[in-house]
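Here are some notes to read alongside the structure, written as numbered points. Please keep the model open while you go through them.

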Amino acid sequence: MSDPTPQAVQDLSQLDDQTRTELEAAAFRRLLKHLDDNKDVQNIDLMILADFCRNCLSKWLMAAGEERGVSFDYDAAREHVYGMPYSEWKTHHQAKATPEQLAALEARQQGKKD
């Protein structure tokens, strides 16, 4: 059996809700894989550059669950995002933040207040 002909759309809002949700979920899974493949990218660097990190993704995952009546704790969410218990990831992959990183994060946070 062959795959159906791809559907060409000009705008993702033209897709039905299920298809759009499946595409968004696939993109999220790909983001998690990308982060897993690039463990050297530190959370503080993500926070400085993009104002989110793996922990933020974990919190957003929990919030999405709560919106749909699905409850799980922060540790379970982080394990899903990190691909292992957070304590293990932290031990093996998290470097101590440098003074320069801390200053850059503080400047970004201050810039949001101004």
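1. Please bear in mind that this is a predicted model, in which local features need pLDDT of at least 70 and side-chain atom pairs count only at pLDDT 80 or more, while totals for chains, interfaces and linings use all residues. Residues are numbered from 1 along each chain as its sequence is written, and side-chain values use heavy atoms, with hydrogens and water left out.

2. The helices named below are DSSP runs of H or I with at least four residues, numbered from the N terminus. Two packed helices are described by the angle between their axes and the distance between the axes. Here the axes are lines fitted to C-alpha atoms over the stretch in contact, and the angles run from 0 to 180 degrees between N-to-C directions.

3. Helix H3 (residues 54-67) packs against helix H4 (residues 74-82) at an angle of about 125°, with the axes 8 Å apart. H3 is therefore oblique to H4, since angles under 35 degrees count as roughly parallel, over 145 as roughly antiparallel, 65 to 115 as roughly perpendicular and the rest as oblique. Residues of H3 including Ser58, Lys59, Leu61 and Met62 meet residues of H4, among them Tyr74, Ala77 and Val81, where meeting, or contact, means heavy atoms within 4.5 Å. By class, the contact of H3 with H4 has 7 nonpolar, 3 polar and 3 charged residues; Ala, Val, Leu, Ile, Met, Phe, Trp, Tyr, Cys and Pro count as nonpolar, Asp, Glu, Lys and Arg as charged, and the others, Gly among them, as polar.

4. Leaving aside neighbours within four places in sequence, Ala77 is in contact with Ser58, Leu61, Met62 and Phe72. Ala77 and Lys59 are 18 residues apart in sequence, yet their C-alpha atoms are 7.3 Å apart in space.

5. The axes of H1 and H3 come within 12 Å and cross at roughly 150°, which means that H1 is roughly antiparallel to H3. Phe28, Leu31, Leu32 and Leu35 of H1 make this contact with Arg54, Leu57 and Leu61 of H3.

6. The largest nonpolar core has 9 residues in all: Leu32, Leu35, Leu46, Met47, Phe52, Cys53, Cys56, Leu57 and Val81. Such a core is a set of buried Ala, Val, Leu, Ile, Met, Phe, Trp, Tyr and Cys residues joined through side-chain atoms within 4.5 Å. Helix H1 (17-37), helix H2 (43-50) and H3 each supply at least two residues of this core.

7. Which residues of H2 are buried? They are Asn43, Ile44, Leu46, Met47 and Ile48, and what covers them includes H1, H3, H4, helix H5 (86-93) and helix H6 (99-113). The axes of H2 and H6 come within 9 Å and cross at roughly 35°.

8. Most residues other than glycine have a negative phi. Asp51, although not a glycine, has a positive phi of about 65°. Asp51 counts as partly exposed, because its relative accessibility is 24%, and Asp51 is also touched by Leu46.

Notes:
Buried means under 20% relative accessible area, exposed over 50%, partly exposed in between (1.4 Å probe, protein chains only).
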